[in-house]
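Please keep the sequence beside you as you go through the points.

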Amino acid sequence: MVMISKGEVIGQILVAFGDNEYPGDNFLCGSIEGSEPYEETAVFKGKADWRTLESGLLDAHHSALSFFSEGAFRFFLPAFLIADLRNELLSAEPLFHLTGFSVTSIQIPANSRVFTRRGGGSTLMNPKRYGAMTFADYARYRLSVFTREEAKAIVAYLNFSKEADTHGINTAQIVEALNAFWLDRAEHAPSEESLKTHLREGSEFIAHLLKKAPDQA
């Protein structure tokens with residue numbers, strides 16, 4: 001595989017996401033779990049051009065990536081990706097939100113026992129609330145908002161991040177995410193044109209429903 005440069009990855013992101021419409025001030029928050037989701041996503045109200053967002057704002061409110069609605073996540077993610085590629089983020093980790101397909105585990109001592117706590121991939125989220133949904137199931141749902149062109153740009157970002165990961169900290173997670181979801185998404189997801197066609201046909205349908213027949217004029 002011939003790796004493209006950081007500048008080329010940024011250019012691909014700008015092209016793929018550049019025409020996306022702002023979802024609207026009332027459609028930014030996708031969580032009702034307490035006040036934090038609203039507070040974090042409210043900072044992005046009125047930010048109708050993600051290309052103008054400063055990296056400091058993105059870094060200070062990086063938890064919004066977990067709380068955004070699907071539309072807001074799709075709209076604002078490229079700002080985080082580009083800031084990350086430019087090494088302008090200190091706290092935000094957009095990579096984390098794209099690679100939930102591998103199982104991670106941690107050993108936690110509790111009195112006389114040591115428990116293994118797992119997350120990601122095939123691990124169940126919370127059976128009481130989500131039944132048999134796994135972390136990978138949720139990741140597929142969450143990440144299915146991206147078009148074919150956007151997914152291709154994300155694949156470029158992931159491949160660049162993998163090559164830049166000289167210590168191998170995130171390499172396994174990136175490879176798993178590429179193989180489990182992103183490579184297929186970049187080939188078979190609906191295209192940007194198909195989204196535009198769907199919206200146009202919907203608008204035409206509504207317009208004809210509202211149009212008065214000649215004998216009703």
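1. A pocket is an open set of points, on a 1 Å grid over the protein atoms alone, where a 1.4 Å probe fits, with protein on both sides within 12 Å along at least five of seven lines; lining residues have an atom within 4 Å of a point.

2. This is a predicted model, in which local features need pLDDT of at least 70 and side-chain atom pairs count only at pLDDT 80 or more, while totals for chains, interfaces and linings use all residues. Residues are numbered from 1 along each chain as its sequence is written, and side-chain values use heavy atoms, without hydrogens and water.

3. The volume of the largest pocket is about 1,100 Å³, a volume being the space filled by probe spheres set on the points, which are joined across faces, edges and corners. α7 gives the largest share of its lining, five residues, where helices are DSSP runs (H or I, at least four residues) numbered from the N terminus.

4. The lining of the largest pocket divides into 20 nonpolar, 15 polar and five charged residues. Ala, Val, Leu, Ile, Met, Phe, Trp, Tyr, Cys and Pro count as nonpolar, Asp, Glu, Lys and Arg as charged, and the others, Gly among them, as polar.

5. The second largest pocket holds about 330 Å³ of space, and among its 14 lining residues N20, E21, R74, L195 and L199 are the closest to its centre. α10 contributes the most to this lining, with five residues, and by class the lining of the second largest pocket has five nonpolar, three polar and six charged residues.

Notes: Helix = DSSP H or I, 4+ residues; strand = E, 2+ residues; numbered from the N terminus.
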